[in-house]
Amino acid sequence: MRQIAIANMKGGVGKTTTAIHLAAGLSRQGARVLLVDADPQGNVAHALAVRRERTIRDLMLGQASFDDVVARGVRERLDVITATPAAFTLEAQLAGEPQRETILARRLKTLNGYDAVVLDSSPAMNLLAYNALLYASHVIVPVSMDGMAILGARQTLAGVHQIRELWPDRRLDLLAVLPTSVNVTTNATRAAFEALADDEEMRERLYRRGIRQCIDVTYALAQRQTIWEYAPRSRAAEDYDAFVRFVRTGGADVSADRDGRDAKAREGQTVV
Ligand SMILES: Nc1ncnc2c1ncn2[C@@H]1O[C@H](COP(=O)(O)OP(=O)(O)OP(=O)(O)O)[C@@H](O)[C@H]1O
Ligand SMILES: [Mg+2]
């Protein structure tokens, strides 16, 4: 089982969109997936129309078990743990708790029956974000190519390094730097690609194909649907499908571009 956190300290770069489509995409391709909303904004519940009284907050506080908080069968093979703004107070409520950064990892330690756990996180290094990263084996950093999101990506990687230093027994691999809202005709996208390619660490894990800008993504989530339900023939449906295959096959073929072969060539070696 792989635990994949989606993180970037900058807001609005496509974290939630990616978490939802990675989780839903993996489950569409046959994996059993748990999607965990570790962001008190609680966007996942809204986007996938999940209603659940007990949330990640109750799990973190030890007031509910995994079975109490998990919403099963949100889509075929896809279960979800939701968050609500009530989780904003967790920081204060858990102030005196020892090792409070690893509560989620301990609560989910005996989890089984899933091929992958995908965690959405908030645009700040708060307690829930630390908990998501300390549970994760892998991290994906989405970078919006229409702005200066690279700064947020650098800060996020600095946070990942800090975690590796403070908890050396944790494995937290950078699975991909994922360009989102890619529009190759704009200077902003070109400049962002150049900046990512200049950064040694990000260049190595840069998923060059990226996710193209596609307004259907916004409409889909507003309609409480995934892109495959709302607009299966859209650019974003095609791009997220390819990215899901890339993750399933181990995330090795990071350099494949739109014209090149992608991870499909190695579909035999499925990891998730
Ligand atoms: N490929 C895309 N093309 C066009 N719009 C997109 C794309 N991906 C995401 N968006 C839009 O960008 C906005 C921000 O996306 P999202 O909510 O996923 O970001 P986020 O990083 O989770 O934000 P926050 O930091 O607030 O949690 C949303 O309106 C979403 O619909
Ligand atoms: Mg979000």
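Let's start at Arg224, which counts as partly exposed because it has 14 C-beta neighbours inside 10 Å; here buried means 20 or more other C-beta atoms within 10 Å of a residue's own, exposed means 12 or fewer, and partly exposed is in between, with C-beta atoms placed from the backbone. This is a predicted model, so local features need pLDDT of at least 70 and side-chain atom pairs count only at pLDDT 80 or more, while totals for chains, interfaces and linings use all residues. Residues are numbered from 1 along each chain as its sequence is written, and chains are lettered from A and ligands numbered from 1 in the order in which they are written.

**Loop residues**
- Arg224 sits in the loop between H11 and helix H12 (227-230); helices (H or I, at least four residues) and strands (E, at least two) are DSSP runs, numbered from the N terminus.
- The phi of Arg224 is positive, near 60 degrees, and Arg224 is not a glycine.
- Ser181, also not a glycine, has a positive phi of about 50 degrees.
- You'll find Ser181 in the loop between S7 and helix H9 (187-198), and it counts as buried because it has 26 C-beta neighbours inside 10 Å.
- Asn126 lies in the loop between strand S5 (116-121) and helix H7 (127-135), and with 18 such neighbours inside 10 Å it counts as partly exposed.

**Around ligand 1**
- Of the 21 residues around ligand 1, the ones that come nearest are Gly11, Lys15, Thr16, Thr17 and Thr218; to be near, a residue's C-beta atom, placed from the backbone, has to lie within 6 Å.
- Helix H1 (15-28) and helix H11 (215-222) are the elements that give two or more residues to this shell, and H11 gives the most, with four residues.

**Strand S6 and its partners**
- Six of the seven residues of strand S6 (residues 138-144) are buried, so the rest of the structure largely encloses it.
- Strand S1 (residues 2-6) runs parallel to S6, joined by three bridges; strands pair if DSSP finds at least two bridges between them.
- Ala5 stands opposite Val139 in S6.
- S6 also pairs with strand S7 (residues 173-180) in the parallel sense, over seven bridges, and Ser144 has Thr180 in S7 as its bridge partner.
- From S6 the chain crosses through helix H8 (residues 149-166) to S7 in a right-handed β-α-β crossover; that means that, with the strands pointing away from the viewer, the path from the first strand over the helix to the second runs clockwise.

**Helix H7**
- Nine of the nine residues of H7 are buried, so this helix is largely enclosed by the rest of the structure.
- Its buried residues include Leu127, Tyr130 and Tyr135.
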